[in-house]
Amino acid sequence: MVSNHLQVPGHVAIIMDGNGRWANGHNLPRAAGHNAGVKALRKIAEHCVDRKIDILTVYAFSSENWRRPEKEVSLLMELFMSSLKSEAQDLHKNNIVLRFIGERTVFPEKLQATIADAEALTADNTGLSLVIAANYGGRWDIVTACKKLAEKTKSAEIDVSNIDEALLNRTMCLGDLIAPDLFIRTGGEKRISNFLLWQLAYTELYFTDILWPDFGAEQLDEAVAWFSERQRRFGRTAEQVR
Ligand code: IPE
Ligand code: IPE
Ligand code: MG
């Protein structure tokens, strides 16, 4: 149980890993694991609303996931499409703002249009921000922001001396939001896999062996309880923070 005195993170970022192993363990095809993964995300988003978490950012497809067998990639694209179509209205009714980060221009055009429609439909909502990282890579994010700033110096819109951490941050994905407070990776691996490299600089990192389709409300509460016990020092001493 999460009690009232717990410090709830404002922004939770999750690497939803372990769908394939979950499917293997149940003697099912990998596709079934990804379907179960979508269901898990739906439940976690609802639970974030209940827990008054403001932002949930999830890694749905990395810039490296194109290296998977073609069949799995196209299956995932179809799953994005069908889930978006079936869930968008529900998310909207729940006052959720849906946003996508990542290089979307390489997606099938129909998918790009569905993404844009879902973002437009939910843009004025005021509840949970659900950010889906699709064809996202942390290095891509940094390089893209650098290019934008280089263009601005070229056109004399800014001077090189204007470039600082705050400006670069604003130019990157999620630049208008608070940085993630709590990072969760399911599936047992202890790596970042090119997720939010810049944005995770001072995030509390939580790793669990639980496979993503098995990660539910109770497991999120456990992670929040763990987060609540962290002392965030941001470079200061423990005495200074106390
Ligand atoms: C995460 O689960 C989902 C995506 C990367 C799309 P995986 O598919 O990586 O599951 P495992 O790691 O093979 O178990
Ligand atoms: C990270 O999981 C990406 C997503 C969950 C979308 P992977 O399963 O692709 O990560 P690696 O390849 O094991 O590092
Ligand atoms: Mg994996």
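User: In which sense do strands S1 and S5 pair, and over how many bridges?

Analyst: This is a predicted model. In it, S1 (residues 11-15) and S5 (residues 182-185) pair in the parallel sense. The pairing runs over four bridges.

User: What is the bridge partner of isoleucine 14 in S5?

Analyst: Isoleucine 184 is the partner of isoleucine 14. Isoleucine 15 has its own partner in S5, arginine 185.

User: What stands opposite isoleucine 184 in S6?

Analyst: Tyrosine 206 does. S5 and S6 pair over four bridges, again in the parallel sense.

User: Which way do the side chains of S5 point?

Analyst: Start with the general idea. In a regular strand, side chains alternate between the two faces of the sheet. Now the case here. Leu182 and Ile184 point one way from S5. Phe183 and Arg185 point the other way. Are they buried or exposed? All are buried.

User: What is the order of the strands in the sheet?

Analyst: The order is S3-S4-S2-S1-S5-S6. These six strands form an open sheet, and the pairing is parallel. S3 and S6 (204-207) stand at the edges. Each has a single partner strand, so one side of each is left without a neighbour in the sheet. From one strand to the next, the twist averages 20°.

User: Which strands does helix H3 touch?

Analyst: H3 packs on the sheet and touches S2, S3 and S4. The direction of H3 makes about 155° with that of S2.

User: How do I read the buried residues of a helix?

Analyst: Think in turns. An α-helix has 3.6 residues a turn, so residues three or four places apart point the same way. Now look at H3. Its buried residues include Glu72, Val73, Leu76, Leu79, Phe80 and Ser83. Leu84, Glu87, Ala88 and Leu91 are also among them.

User: What covers the buried residues of H3?

Analyst: The cover includes two helices, H2 (30-50) and H4 (109-122). It also includes strands S2 (55-62), S3 (97-101) and S4 (129-136).

User: How far apart are the end C-alpha atoms of H3?

Analyst: They are 35 Å apart. H3 has 24 residues (70-93), so at 1.5 Å a residue it should span 34 Å, which agrees.

User: Where does H3 bend?

Analyst: At glutamate 87, by about 45°. Glu87 is also one of the buried residues of H3. Just after H3, asparagine 95 takes a positive phi of about 65°.

Conventions
Residues are numbered from 1 along each chain as its sequence is written. Chains are lettered from A and ligands numbered from 1 in the order in which they are written. This is a predicted model: local features need pLDDT of at least 70, side-chain atom pairs count only at pLDDT 80 or more; totals for chains, interfaces and linings use all residues. Side-chain values use heavy atoms; hydrogens and water are left out. The expected span of a helix is 1.5 Å times one less than its number of residues. The bend at a residue is the angle between axes fitted to the seven residues ending there and the seven starting there. Buried means under 20% relative accessible area, exposed over 50%, partly exposed in between (1.4 Å probe, protein chains only). Contact means heavy atoms within 4.5 Å. Two strands pair if DSSP finds at least two bridges between them. Axes are lines fitted to C-alpha atoms, for helices over the stretch in contact, and angles run from 0 to 180 degrees between N-to-C directions.
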